[in-house]
Amino acid sequence: LFRRPGDANMRAVFAMGSQDCKVSVWTSGNPRPLFLSKKTFAKTVADLAWSEDGYTLLVASLDGSIAAVTFEPKELGEAVPAREMHVHITNTYGQVGRLAGSRIAEDPLQ
């Protein structure tokens, strides 16, 4: 989650990769992508991952190539601190994660 300076509202930033080799980055509340790459890859986008700070998107394609897309705070806003994000998510959706007793299939502790 990110927040623009002076704005109390948080917004989500998410990325999508597609079989037609495109990558797009969207922000909640906007009808158009913030970023769209049409000709970076020759084959399907296979995986996407955000860096820990949330400003770099790593993208892998079935053509064997990878790309890193880096954004600046002026483009996405300031990253919401983890504790504040947790409070917001808990207030919005209820208790989630380990504290709620749920398990995720990818959890290495299972």
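Predicted model: local features only at pLDDT ≥ 70, side-chain atom pairs only at ≥ 80, totals over all residues.
Strands (E, at least two residues) and helices (H or I, at least four residues) are DSSP runs here, numbered from the N terminus. Residues are numbered from 1 along each chain as its sequence is written, and side-chain values use heavy atoms, with hydrogens and water left out.

Strand β6 covers residues 56–61 and pairs with β7 in the antiparallel sense over five bridges; for two strands to pair, DSSP has to find at least two bridges between them. One of the positions to look at is V59, whose bridge partner in β7 is A67. L58 stands opposite A68 in β7, and A49 in turn stands opposite L58 in β6. If you follow A49, L58 and A68, you are stepping across the sheet.

That step brings us to β5, which runs antiparallel to β6 and is joined to it by five bridges. These two strands make a hairpin as well, with five residues between them, and here G54 takes a positive phi near 85°. Put together, the three strands form an open sheet in the order β5-β6-β7, with antiparallel pairing. Its edge strands are β5 (45–50) and β7 (66–70), each of which pairs on one side only. On average, neighbouring strands of this sheet are turned by 20° against each other, direction ignored; the axes behind such angles are lines fitted to C-alpha atoms (for helices, over the stretch in contact), and angles run from 0 to 180 degrees between N-to-C directions.

Next, the aromatic rings. Rings of Phe, Tyr and Trp (its six-membered ring) pair if their centres lie within 6.5 Å, and planes under 30 degrees apart count as stacked, over 60 as edge-to-face and the rest as tilted. By this rule the count comes to three aromatic pairs. In one of them, the ring centres of F2 and Y55 are 5.4 Å apart and the planes stand at 65°, so this pair is edge-to-face. It links distant parts of the chain, since F2 sits in strand β1 and Y55 in the loop between β5 and β6, 53 residues apart. Both F2 and Y55 are buried, where buried means under 20% relative accessible area, exposed over 50%, and partly exposed in between (1.4 Å probe, protein chains only).

F35 and F71 form another edge-to-face pair, at 6.0 Å centre to centre and 90° between the planes. F35 belongs to strand β4 (residues 35–37) and F71 to the loop between β7 and α1 (73–76), so the pair ties together parts that are 36 residues apart in sequence. F35 is partly exposed, with a relative accessible area of 25%, whereas F71 counts as buried at 7%. Ring pairs link F35, W50 and F71 into a cluster.

Now for the charges: how many salt bridges does a search of the whole structure find? It finds three, where a salt bridge is a side-chain nitrogen of Lys or Arg within 4 Å of a carboxyl oxygen of Asp or Glu. R3 forms one with E84, the closest N and O atoms being 2.4 Å apart. R3 lies in strand β1 and E84 in helix α2 (residues 82–93), so this pair ties together parts that are 81 residues apart in sequence. E84 is partly exposed, at 33% relative accessibility. A salt bridge joins D20 to K22, with 3.7 Å between the closest N and O atoms; D20 is partly exposed at 43%, and K22 is partly exposed at 30%. The side chains of K74 and E72 meet at 3.9 Å, N to O, with K74 exposed at 65% and E72 partly exposed at 43%.

Our last stop is A12, in the loop between β1 (2–3) and β2 (13–17). A12 and L1 are eleven residues apart in sequence, yet their C-alpha atoms are 4.7 Å apart in space. Leaving aside residues up to four places away in sequence, A12 touches L1, W26, T27 and S28, with contact meaning heavy atoms within 4.5 Å. A12 itself is partly exposed, with a relative accessible area of 28%.
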